[in-house]
Structures are given as structure tokens and as C-alpha cells.
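I'd like to walk you through the pockets and then the core of a protein I've been looking at. Let me put it on the screen.

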Amino acid sequence: MKFKDCGIIDSKLIKEIVKNYSTLDYAPKLRELVNIIYPKTNLDKYCKRDLHQKINELILDGYDGEQVLKYRLFKVFQTAKLVAAYEIKVKNSRVDFLTVNGHTTSYEIKSNLDNLDKLVKQSGDYMDAFEFNNVVIHERHLNKCLEIIPRTFGIIMADKLGHTFIRKPIFNRSLNPATQLSLLTKKEMLKCFGHYDIKKVLDLFSAENINELFKLSLKARYRNRWDFIVEHAEEILPIDLQFFFNKNIKPAHIYG
């Protein structure tokens, strides 16, 4: 779909689109959003998918938020032999992206639009659960980030154009088996440990056993969802990836 060049687009207008956009929006709402940038363009001839695609392009090109960086992480791991997941609750935090293969590796995103107010608490929570941990940051956060995150954390400086590794993560030896077990459902606990009482499992299994079974549980939980978005990657628009990870609805049913 071709649009007349409107010059430099005000970032506030892009933020307005992000604030109001949903993957489930119908064509009239999508036209309203595109008209924020192209107010004089008649959009009646554009189909629903065209409108979704234009909104995704506008966000990818003009937005500095976490949605763009989540898409970049997907592209990095799309062809890797692993299972990955978005937005996993850990204690009172929620990690943005996690990969599981031989190890658990977390990625907490702090974009140009974010602050670091919660990072100390988040990094402590992730150290209880995962073997390797990273922060994915905008360059403006680098100096403060170096001061407050644990030395074992990797740092990846990223924006919509690319990423740079500042330092690699170090294996975390501060795992808390009780925290790991608290991330599992009763059904997962019963399947892996034969009990859903955390105290009993801690008495019966070593920390090493719990960690290995914890990883297997996460892989089983998220495998189908991750495989779905990898399989349909050519059909899914970038900003909509997390929606399709959560729902596993065929893209044609949403964009058609």
C-alpha cells in the first residue's frame, strides 16, 4: 500500500497509535488510527490486512518502545532450536522474554520510553528463577544500569536498528528452588514431582533436580505457542507477535 510522504512524523502521533491499537481491531478503527498520520487520505479502498500492515510499519519505524524490541528478540531466536516465551510472571515481576534450551535465559527490556525504577527488584526476582539473565536497554540507560544490576547480568544495548553486546551473562548460582516451584501450576507440579506441596518437593528433591524439571516444565508449557508463531512468522505482523503467541489463532482469521 502506498501513501504520500508526509515528511517527518511526530513521535507523539505514533505513541497515540500504539496506545489505541489492538490486533483485534476492525477496519473502521484501523482507518481512524492510520488517519492520525494521513488525515487527508481516503482509506476506504484498503483492506483490513493493509491497514494492520501500515500501522505495524509506522510503529516499527517510529516507535522506541518495548514492542519493537520484542520483535527484534523474536527475529534473533526464530530459527534457533529452543522454546521461548513472552511475559512470564516471577514473584511480583514479569520478565519480558525467556528462552529455554539447555538453560533458562531471561531478557528484561528497558526501552527509551522506560525508566529503571523497578529494575533492582526485577533483577533480584529473575536471579531466583533463571540460570542466565540479561537486560536489553536503550543506550541512555547504560551508565545507571551498570550501577544497579548484578554483575552476573548480561547487557545488550538495542534500538529499532540493531543491538550491541556490552557484556555477556554469567551463570547464576543463586537459584531459589522454592521460587522456581512457585512458577509452576499444580498440574505441572504433580506431573514432574508427584506432589504440588512445595515444602514436600523441597524435602524430596535436590536443587539440581528441581532446576532440571523446572526447565522441562517450561519447555512443555510454551513449546506449542512458540512453535506456532515460528511456523506462521511470514503471516504474522511484527507488533502482533505476542498476541499470536498468547492466542495461537491463525493469522488469516484476524487479518482477513
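Let's start with the second largest pocket: 16 residues line it, and nearest its centre you'll find Q67, I239, D240, Q242 and F243. Two elements each give two or more residues to that lining, namely α4 and α11 (241-247). Sort the lining by class and you get eight nonpolar, five polar and three charged residues. The space in there comes to about 240 Å³. Oh, and keep in mind that this is a predicted model.

Now, the largest pocket. That one holds about 290 Å³ of space. Its lining has 18 residues, and L73, V76, I156, H163 and F165 are the ones nearest the centre. Here, the elements giving two or more residues are α4 (66-77), β4 (132-137), β5 (154-159) and β6 (162-167). Which element gives the most to this lining? That's α4, with five residues. By class, we're looking at eleven nonpolar, three polar and four charged residues.

In soluble globular proteins, nonpolar side chains tend to be buried together. In our model, the largest nonpolar core has 76 residues, and F130, W226 and I229 have the most contacts inside it. Helix α10, residues 207-231, supplies the largest share of this core, seven residues.

Let's zoom in on W226. What does W226 touch, leaving out residues up to four places away in sequence? The list is F74, F77, Q78, L82, V83, A84, F97 and F245.

Terms used
Residues are numbered from 1 along each chain as its sequence is written. This is a predicted model: local features need pLDDT of at least 70, side-chain atom pairs count only at pLDDT 80 or more; totals for chains, interfaces and linings use all residues. Side-chain values use heavy atoms; hydrogens and water are left out. On a 1 Å grid over the protein atoms alone, a cavity is a set of points where a 1.4 Å probe fits but cannot get out, and a pocket is an open set with protein on both sides within 12 Å along at least five of seven lines; lining residues have an atom within 4 Å of a point. Grid points are joined across faces, edges and corners, and a volume is the space filled by probe spheres set on the points. Helices (H or I, at least four residues) and strands (E, at least two) are DSSP runs, numbered from the N terminus. Ala, Val, Leu, Ile, Met, Phe, Trp, Tyr, Cys and Pro count as nonpolar, Asp, Glu, Lys and Arg as charged, and the others, Gly among them, as polar. A nonpolar core is a set of buried Ala, Val, Leu, Ile, Met, Phe, Trp, Tyr and Cys residues joined through side-chain atoms within 4.5 Å. Buried means under 20% relative accessible area, exposed over 50%, partly exposed in between (1.4 Å probe, protein chains only). Contact means heavy atoms within 4.5 Å.
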